Amino acid sequence: MRRKVMLAALLLGTSGLIAGCDQVKNAVGGKTVEVKEADYPEKVLWGDTHLHTANSVDAFGFGVRLSPEDALRFARGEEVTSTTGLKAKLPRPLDFLVVTDHAEGLGATKALYDAPRMLITDPTMRRWYDMMHEGPQGSQRAMAEILDARGRNDLPKAMLNAGDAAERTKSVWKSNMETVEDYNEPGKFTAFHGFEYTLMQGGNNLHRNVIFRDGADKVGTVAPIDPTYKATPDEIWNYMEAYEKATGGRVLAIPHNSNLSNGLMFELTQPGGGPMTAAYAKRRAKLEPVVEITQIKGDSEAHPFLSPNDEFAGFGVAGWELSNLLGNQPKTPNMFAGEYVREALKRGLLLEAQMGVNPYKFGVIGSTDSHTALSTADEDQFFGKHTGNEPNPNRVMQPQNLGTRKGRFGWHYLASGYAAVWAKANTRAAIFDAMERREVYASTGPRMTVRFFGGWDFKADDLKGNWVQAGYKRGVPMGGELSGGKNGAPSFIVSALKDPIGANLDRVQVVKGWVDKSGKAQEKVFDVVWSDPGKRKPVGGKVPAVGDTVDVATATYKNTIGAPTLATVWTDPEFDPAVRAFYYVRVMEIPTPSWPAYDAVRFKLKLTPDVRVKQQERAYTSAIWYNPTKS
């Protein structure tokens with residue numbers, strides 16, 4: 001088995017593509033280093049594009065005291081001490097990190113906490129000051145009240161002083177940039193400049209993470225902008241376009257956590273109603289080439305209400321399908337279609353048929369949205385959403401009323417996810433460019449290596465040779481587009497390798513979406529390669545379950561089922577050359593214990609039956625789109 005894994009790693013990880021490399025110069029500590037870019041991406045890079053530190057207004061309120069520097073040290077593989085005093089260290093370092101503290105109120109709660117009490121004249125703010133100084137529990141209660149007041153547009157006037165906020169933001173931003181520059185090491189570890197634009201009117205999550213391709217020389221000419229009282233993303237898009245025009249730099253935005261938007265993230269109309277225009281769709285697709293499909297606050301791939309024939313739809317939706325982010329507006333089933341990624345991909349096809357532009361032709365990544373400054377997505381080392389649910393005996397069943405009024409408990413949080421990027425080098429430029437061309441995928445935590453190419457003449461024999469090079473030469477990678485005009489159906493090279501220290505693989509699936517001749521969006525999930533095919537014969541078009549080796553009592557599993565690697569060349573058996581379509585890959589692991597199961601063993605807990613104790617982790621690739629040739 002080990003030999004097979006090594007062989008697969010060789011096929012997936014190396015392909016002799018270095019020849020003819022470009023050289024990219026990067027300024028590091030005043031010096032210029034050269035990093036060679038490969039002709040093609042050779043090694044997948046792992047990172048987190050969504051992480052908060054003590055500078056975020058809510059993270060500090062929740063109790064976190066770790067800085068951006070702590071976050072970067074942790075991501076690079078160093079041991080740090082968490083806010084609650086626990087030693088924390090990733091089993092493997094990440095390749096890149098974006099600290100995305102909230103632009104809204106950047107550093108505000110820390111400033112309130114540090115202020116002399118006698119100078120705080122507003123009674124509400126003084127009460128929050130006292131609560132934060134009571135300790136972690138008081139701080140979290142204060143943060144709950146602040147979030148609730150924010151959702152009701154009822155923050156104290158003293159907290160809304162635009163001049164003070166701008167000065168504070170400028171100071172924090174400058175300090176952050178210096179830290180990010182210090183930790184950016186092209187070729188080894190990439191630290192991006194970024195922030196989170198927290199668009200959330202009425203408690204509906206329309207957040208965007210803004211990421212710059214550039215260094216401090218350009219990024220330092222701007223500062224994060226506050227979305228308070230804005231209703232649409234137009235302001236952040238104006239900001240991004242103005243930045244690029246003024247500096248010649250580049251910036252992108254990543255919509256995240258769409259499952260808490262109450263149907264507003266992927267609308268069929270313009271925000272606020274009215275037909276979507278081609279100009280709006282084109283602008284959105286350009287500025288937002290990637291979305292976050294999975295994170296701590298649930299998974300946004302597919303919902304059983306929308307995909308009743310998909311037995312794996314609905315991963316991590318428990319607790320998050322009740323309401324919007326702040327819990328002040330119940331969710332109804334008609335909202336799901338506007339907040340799940342698969343449906344958005346289908347809506348993109350519908351809109352493209354109407355106006356010729358697809359606003360939702362995006363790639364997908366995962367990231368944590370951790371508010372502890374610790375990027376942890378491994379079940380056995382999950383450090384929680386915020387300091388209140390860093391590892392402790394109570395966190396699994398603890399009600400999560402941080403800004404919500406009902407319904408969520410600690411176990412509803414997922415230890416998810418990470419961003420996987422097929423970049424030509426570990427540099428800001430190369431990783432950013434990979435995101436722009438959508439050559440990225442998402443994992444709920446395990447570092448599975450996944451390749452996906454689409455073309456017109458791939459055959460099974462291609463897997464015997466240098467299929468990575470063939471994939472680039474004769475086809476397109478994930479995120480790419482295929483045009484019509486060829487004979488026959490498109491074929492796809494699909495390859496997945498297990499996480500080297502993780503669980504075996506159950507199966508690889510291709511998810512197809514299209515618009516039928518009646519103008520209705522359709523979807524279908526194909527099992528294309530799976531473990532033990534000799535024993536697991538499809539029944540009624542479905543491959544039987546892989547089995548289950550999880551021992552919940554010990555929070556362990558065995559790799560005695562599944563496969564370390566799965567690869568095939570698949571051709572769409574239902575292809576219609578006249579029909580626009582997308583295809584993406586979903587890779588399923590065998591069942592493994594969830595973080596509550598590890599907590600149960602660690603803290604000797606007796607969990608209630610509703611708690612998720614095992615699950616099938618997964619990866620989602622960006623899609624490949626098929627575009628018919630115009631007649």
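## The largest pocket

The residues lining the largest pocket split into 23 nonpolar, 13 polar and eleven charged. In this count Ala, Val, Leu, Ile, Met, Phe, Trp, Tyr, Cys and Pro are nonpolar, Asp, Glu, Lys and Arg are charged, and the others, Gly among them, are polar. The model is a predicted one, where local features need pLDDT of at least 70, side-chain atom pairs count only at pLDDT 80 or more, and totals for chains, interfaces and linings use all residues. Residues are numbered from 1 along each chain as its sequence is written, and side-chain values use heavy atoms, with hydrogens and water left out.

The volume of this largest pocket is about 780 Å³. Its lining has 47 residues, and Val57, His102, Glu104, Arg150 and Thr198 lie nearest the centre. Two or more lining residues come from each of α2 (57-62), α6 (136-151) and α7 (162-183), with α7 giving the most, six residues. Helices here are DSSP runs of H or I with at least four residues, strands are runs of E with at least two, and both are numbered from the N terminus.

A word on how such spaces are found: on a 1 Å grid over the protein atoms alone, a pocket is an open set of points with protein on both sides within 12 Å along at least five of seven lines, while a cavity is a set where a 1.4 Å probe fits but cannot get out; lining residues have an atom within 4 Å of a point. Grid points are joined across faces, edges and corners, and a volume is the space filled by probe spheres set on the points.

## The second largest pocket

The second largest pocket holds about 430 Å³ of space. Of the 20 residues in its lining, Pro136, Gln137, Gln140, Gly388 and Gln398 lie nearest its centre. By class, this lining has five nonpolar, 13 polar and two charged residues.

The largest cavity has about 80 Å³ of space, and its lining is made of Val99, Asp101, Leu106, Trp173, Asn176, Met177, Val180, Phe192, His193, Gly194 and Phe195. Both α7 and β8 (194-197) give two or more residues to this lining, and the largest share, four residues, is from α7. Seven of the lining residues are nonpolar, three polar and one charged.

The second largest cavity has about 30 Å³ of space. Ile293, Val341, Leu345, Val364, Tyr584, Thr621, Ser622 and Ala623 line it, which divide into six nonpolar, two polar and no charged. This cavity lies between domain 1 (43-440) and domain 2 (451-627), because both give residues to its lining.

## How the domains meet

The bounds of domain 1 (43-440) and domain 2 (451-627) come from an automatic or database domain assignment. Taken over C-alpha atoms, the two domain centres are 27 Å apart. Across the interface, 44 residues of domain 1 are in contact (heavy atoms within 4.5 Å) with 51 residues of domain 2.

## Salt bridges

The whole structure has 47 salt bridges, each a side-chain nitrogen of Lys or Arg within 4 Å of a carboxyl oxygen of Asp or Glu. One of them pairs Asp130 with Arg117, with 2.8 Å between the closest N and O atoms. Asp130 sits in helix α5 (residues 123-134) and Arg117 in the loop between α4 (108-114) and α5, so this pair ties together parts 13 residues apart in sequence. Asp130 is partly exposed at 30% relative accessible area, and Arg117 is partly exposed at 36%. For these labels, buried means under 20% relative accessible area, exposed over 50% and partly exposed in between, with a 1.4 Å probe and protein chains only.

Another salt bridge joins Arg127 and Glu145 at 3.0 Å, N to O. Glu244 belongs to helix α9 (residues 234-247) and Lys286 to helix α10 (residues 278-287), so the pair ties together parts 42 residues apart in sequence. Glu244 is buried, with a relative accessible area of 18%, whereas Lys286 is exposed at 53%. Elsewhere, salt bridges that share partners join Glu301, Asp310, Arg342, Glu343, Lys346, Glu523 and Arg586 into one network.
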